[in-house]
Amino acid sequence: MPSLWAVTLYNISVQDGGLRRSLLGTVLSPLWGAFDYSYWVFASVAFAILISLLITIAIAGWRAKSDAQRFIVVLWLFAPTGAYLFHEVGYLDQLLYALLFLSVWMWNRWSPFIAILPVALSIFVHESAMVTTVPLLLFFAIAKGGFSKKLVAFVLPVAAAAVVAIQGPWSAGQSTATIDRLSSSLPFAFREDALLLFDMGIRDTWVYVNQVPGLNIAAPYTIAIGLFWLLQGLRNRGLGEKPFMIPALAFIASITPFILIAGGYDIYRWVFLVLANFAIVMYWWLGQSSRSHDLADLALGVLPFVLLFYAPLMYFDEYAPRSLLFWTVEDHGFWNFPTS
């Protein structure tokens, strides 16, 4: 079920303190009020977003040009990443990717300044879009059309990010006023600490978060993903004047979510987002590549997901996935049914 942290953020609107993370709460505020701020209306919206992503993933697998693409879809869903997708239902990350897929679908059908609007507006859903979904859309735009005039459209998400950055943290008393408002309107307990984060700016979060553990966990994933794209660049030589350009851009688009380590302590969430970006870019690459792929491609493509057995994705609020380590299978712990 959507966590109380997630549904608390669904209630942030422009009137609370500016545009940062306010778009969803502002647009759907009439819906919340119509259902007396019931938890179930928030949960219904969260599941609607999750279902839209699952439908998109299913369509991607169905319409894939190759079995290699279908393998990536199945791998991502059945690896711990698929479980984590359900675990983080309600988090704004999922809406960011839904808006990204809408922009990608619109890109060759509409003017780029129209097609980029869903991603540009997603900055006001959550500012992390600048290092998660915006790099993906930029990669697709360059990979499809090169460094063309269409890239000027990316001034819109950059401008949106500038607006959020300029507004900075909430002013004194805004978080207290928002807590008072939610205390009187929400019929369930909410997470006050989710609102107190708005009192901190970028510098505050940099000091607040210890980046060292996150960097230690991110390093093997970064190396593994880098090895895959390095192999693609080496095997791409002779196919163009700049054989390493697209693989290099693909590597950057894959790992940019790790920038969130600088200001956020949800490291396993950032690993999940990196593996989502990696799978999306790899799916596209496999659909565009004209050469056949062999065991080396498979081994390096799967390696980042194999690392999840070494460093499992830990869940929020002290929840944990069932272990996939061999010794838990041996002592029958793997086969135990979950208890409430």
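# Loops, patches and salt bridges

User: Where is the place of Tyr37?

Analyst: In this model, which is a predicted one, Tyr37 sits in the loop between helix 4 and helix 5.

User: What is the phi of Tyr37 like?

Analyst: Tyr37 has a phi of about 55 degrees, which is positive although the residue is not a glycine. Asp36 also has a positive phi, near 55 degrees, and is likewise a residue other than glycine.

User: And which loop does Asp36 lie in?

Analyst: Asp36 belongs to the loop between helix 4 (29–34) and helix 5 (39–62).

User: Is Asp36 buried or exposed there?

Analyst: Asp36 counts as exposed, because its relative accessible area is 60%, and the cut-off for exposed is over 50%.

User: Switching to the surface, which residues make the nonpolar patch?

Analyst: The nonpolar surface patch is made by Leu102, Trp105, Trp110, Ile114, Leu117 and Leu121, and its area is about 570 Å². Helix 8 and helix 10 (117–122) each contribute at least two residues to the nonpolar patch.

User: What about Leu102, where is its place?

Analyst: Leu102 is in helix 8. Its relative accessibility is 38%, so Leu102 counts as partly exposed.

User: Which residues form the positive patch?

Analyst: Arg63, Arg109, Lys144 and Lys150 together form a positive surface patch. One of these, Arg109, is in the loop between helix 8 (92–107) and helix 9 (112–115), and it counts as exposed because its relative accessibility is 53%.

User: OK, salt bridges now. How many does the count come to?

Analyst: The count comes to nine salt bridges. Among them is the pair Asp93 and Arg269, whose side chains meet with an N to O distance of 2.7 Å. This pair links distant parts of the chain, with Asp93 in helix 8 and Arg269 in helix 18 (residues 267–288), 176 residues apart.

User: Why does Asp93 count as buried?

Analyst: Asp93 counts as buried because its relative accessibility is 1%, and the cut-off for buried is under 20%. Arg269 is on the buried side of that cut-off too, because its relative accessibility is 7%.

User: Which residue does Asp297 meet in a salt bridge?

Analyst: The side chain of Asp297 meets that of Arg235 in a salt bridge, at 3.0 Å from N to O. Here again distant parts of the chain are linked, since Asp297 is in helix 19 (residues 295–310) and Arg235 is in helix 16 (residues 211–235), 62 residues apart.

User: What does Asp266 pair with?

Analyst: Asp266 forms a salt bridge with Arg269, the closest N and O atoms being 3.2 Å apart. With a relative accessibility of 18%, Asp266 counts as buried.

User: What about loops, is Ser128 buried or exposed?

Analyst: Ser128 is in the loop between helix 10 and helix 11 (133–145), and it counts as buried because its relative accessible area is 5%. Leaving aside neighbours within four places in sequence, Ser128 is in contact with Asp93, Leu96 and Leu260. Asp93 is also the partner of Arg269 in a salt bridge.

User: And Asn236, which loop is it found in?

Analyst: Asn236 is in the loop between helix 16 and helix 17 (245–255), where its relative accessibility of 17% means that it counts as buried.

User: What is Asn236 in contact with, apart from its neighbours within four places in sequence?

Analyst: With those neighbours left aside, Asn236 is in contact with Pro243 and Trp285. The C-alpha atoms of Asn236 and Ser289 are separated by 9.2 Å, and the two residues are 53 residues apart along the chain.

Technical notes. Residues are numbered from 1 along each chain as its sequence is written. This is a predicted model: local features need pLDDT of at least 70, side-chain atom pairs count only at pLDDT 80 or more; totals for chains, interfaces and linings use all residues. Side-chain values use heavy atoms; hydrogens and water are left out. Patches are made of residues with over 30% relative accessible area and no salt bridge: like charges are joined within 9 Å, nonpolar side chains (Val, Leu, Ile, Met, Phe, Trp, Tyr) within 5 Å. Accessible areas come from the Shrake-Rupley method with a 1.4 Å probe; for residues, only the protein chains shown count as cover. A salt bridge is a side-chain nitrogen of Lys or Arg within 4 Å of a carboxyl oxygen of Asp or Glu. Lys and Arg count as positive and Asp and Glu as negative; His and the chain ends are not counted. The place of a charge is taken as NZ of Lys, CZ of Arg, CG of Asp or CD of Glu. Helices (H or I, at least four residues) and strands (E, at least two) are DSSP runs, numbered from the N terminus. Buried means under 20% relative accessible area, exposed over 50%, partly exposed in between (1.4 Å probe, protein chains only). Contact means heavy atoms within 4.5 Å.
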